[in-house]
Amino acid sequence: MPPSVVLVTGVSRFLGGHLAARLAADPGIERVLGVDIVPPSRDMLRRMGRAEFVRADIRNPLIAKVISRASVDTVVHTALSSEPARSGGRTAMKEMNVIGTMQLLAACQKASSVRRMVLKSTTAVYGASSRDPALFDETMTPKEIPSGGWAKDATEIEGYLRGFARRRPDVSVTVLRFSNLIGPRVDNAFTRYFSLPVVPTVLGYDARVQLLHEEDGLAVLERAVSEEIPGVFNVAADGVLLLSQAIRRAGRVALPVPGIAVGSVGKLLRTARIVDYSPEQLRLLNFGRVVDTTRLRRQFGFTPRWTTVQAFDDFVRGAALRPLLPPDRIDALERVLREGGITAGRQVDKLLSAVGAR
């Protein structure tokens, strides 16, 4: 049966808000409810049209009343955060992600009207390590279990959702494991990382990067709502980019950092509120991660429109990233940054000479 009353969590963010807007534009859907603890921007509220914003905290059991009173039949859970700084700290982020999901599932379990659940998850559940396979498919488990952060939250959330599916076998459950989302309108740790003029990388490594364009992310969520297609699906664009290639395409300069110092650099960027890169995301920059999307194409019936390269280039155009330096100057600067064993004063002199300041 097509959805009648749809509830979307996290509508103050890009995916949740734009998905609610798309669903509200579908005349076949009777009602769209958008839930969040903070209201969307005025522009987003305008885009959402007839969608109704409900200011509610999914960590509060009162979310059950919202679902039951509106006779919600389809729930789309996108209110998951991967950035502690934007969530009020790691503790608040975990509460929103894990405790919030538990309360939402408890409310759905009690509501007899609910018959479809869609979860926007992440490929971070596969972890990132030196022992990873070339491709992860949906049946594989991580070589190293995520020990904390966003990856651990997502792993726990999927576990709770499997328990919900056992208790409510009448509910169709769809899990969409997104790779890193990118595009001209997305603002996340990944887009801010590639917007840095000098981009830190792990010395001796060149990770494979697989992306997903924002429009494909919205399209796959919309299809999961309109069509009943239960199961777990990797959602990512075709093809990969090496991290060094992505940095060059953005016109940035790579700064190789010894592995032992990567954590300190990440902490520095977080403290300075430049990029909120968690330890597991830093591991991704070290080892990379690529997933198999065969099931997405064959079983779910969706093929991303944008390849990884096209998605990244669209982000660069949309963000109006201008090359920091001409290509030959970037080559010279990167050679200097790769050199070791020189004093700080000589390092500064060489950097200035490389960029043409002296």
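A salt bridge is taken here as a side-chain nitrogen of Lys or Arg within 4 Å of a carboxyl oxygen of Asp or Glu. By that criterion the structure holds 19 salt bridges. The model is predicted; local features require pLDDT of at least 70 and side-chain atom pairs pLDDT 80 or more, whereas totals for chains, interfaces and linings use all residues. Residues are numbered from 1 along each chain as its sequence is written, and side-chain values use heavy atoms, with hydrogens and water left out.

**The whole chain**

Begin by colouring the chain by pLDDT, the predictor's confidence in each residue, from 0 to 100. The mean is 87, and 83% of the residues reach 70 or more. Next, select residues 341-352 and then residues 354-358: pLDDT stays under 50 over the former and likewise over the latter. Where pLDDT is low, the predicted coordinates should not be read in detail.

Switch to a cartoon to see 14 helices and 13 strands; helices (H or I, at least four residues) and strands (E, at least two) are DSSP runs, numbered from the N terminus. Of the 358 residues, 51% count as buried, where buried means under 20% relative accessible area, exposed over 50%, and partly exposed in between (1.4 Å probe, protein chains only).

**The nonpolar cores**

Select Ile67 and Met117, the residues with the most contacts inside the largest nonpolar core, which has 38 residues. Strands S1 (5-9), S2 (31-36), S5 and S6 (172-178) and helices H3 (63-69), H4 and H5 each give two or more residues to this core. Such a core is a set of buried Ala, Val, Leu, Ile, Met, Phe, Trp, Tyr and Cys residues joined through side-chain atoms within 4.5 Å. Apart from this core lies another, of 32 residues, including Val6, Ala24, Val186 and Val220.

Now centre on Met117. Beyond its neighbours within four places in sequence, its contacts (heavy atoms within 4.5 Å) include Val75, Leu105, Leu161 and Phe164.

**A buried loop residue**

Move to Ser129, in the loop between strand S5 (116-122) and helix H5 (149-167). Is Ser129 buried or exposed? Ser129 is buried, at a relative accessible area of 4%.

**Charged pairs**

Side chains of opposite charge can pair when their charged atoms come close. Select Asp170 and Arg168, whose closest N and O atoms are 2.9 Å apart in a salt bridge; Arg168 is buried, with a relative accessible area of 8%.

Proceed to Glu215 and Arg185, which meet in a salt bridge (2.4 Å, N to O). Glu215 lies in helix H7 (residues 214-226) and Arg185 in the loop between strand S7 (180-182) and helix H6 (189-195), so the pair ties together parts that are 30 residues apart in sequence. Glu215 is partly exposed, at 27% relative accessibility, as is Arg185, at 37%.

Then select Arg192 and Asp187, a salt bridge with the closest N and O atoms 2.8 Å apart. Arg192 is buried, with a relative accessible area of 15%, whereas Asp187 is partly exposed at 44%.

**A surface patch**

Finally, show the surface and select Met102, in helix H4 (residues 90-110). Met102 is partly exposed, with a relative accessible area of 35%. Together with Ile99 and Tyr160, Met102 forms a nonpolar patch of about 240 Å² accessible area. Patches are made of residues with over 30% relative accessible area and no salt bridge, like charges being joined within 9 Å and nonpolar side chains (Val, Leu, Ile, Met, Phe, Trp, Tyr) within 5 Å. Accessible areas come from the Shrake-Rupley method with a 1.4 Å probe, and for residues only the protein chains shown count as cover.
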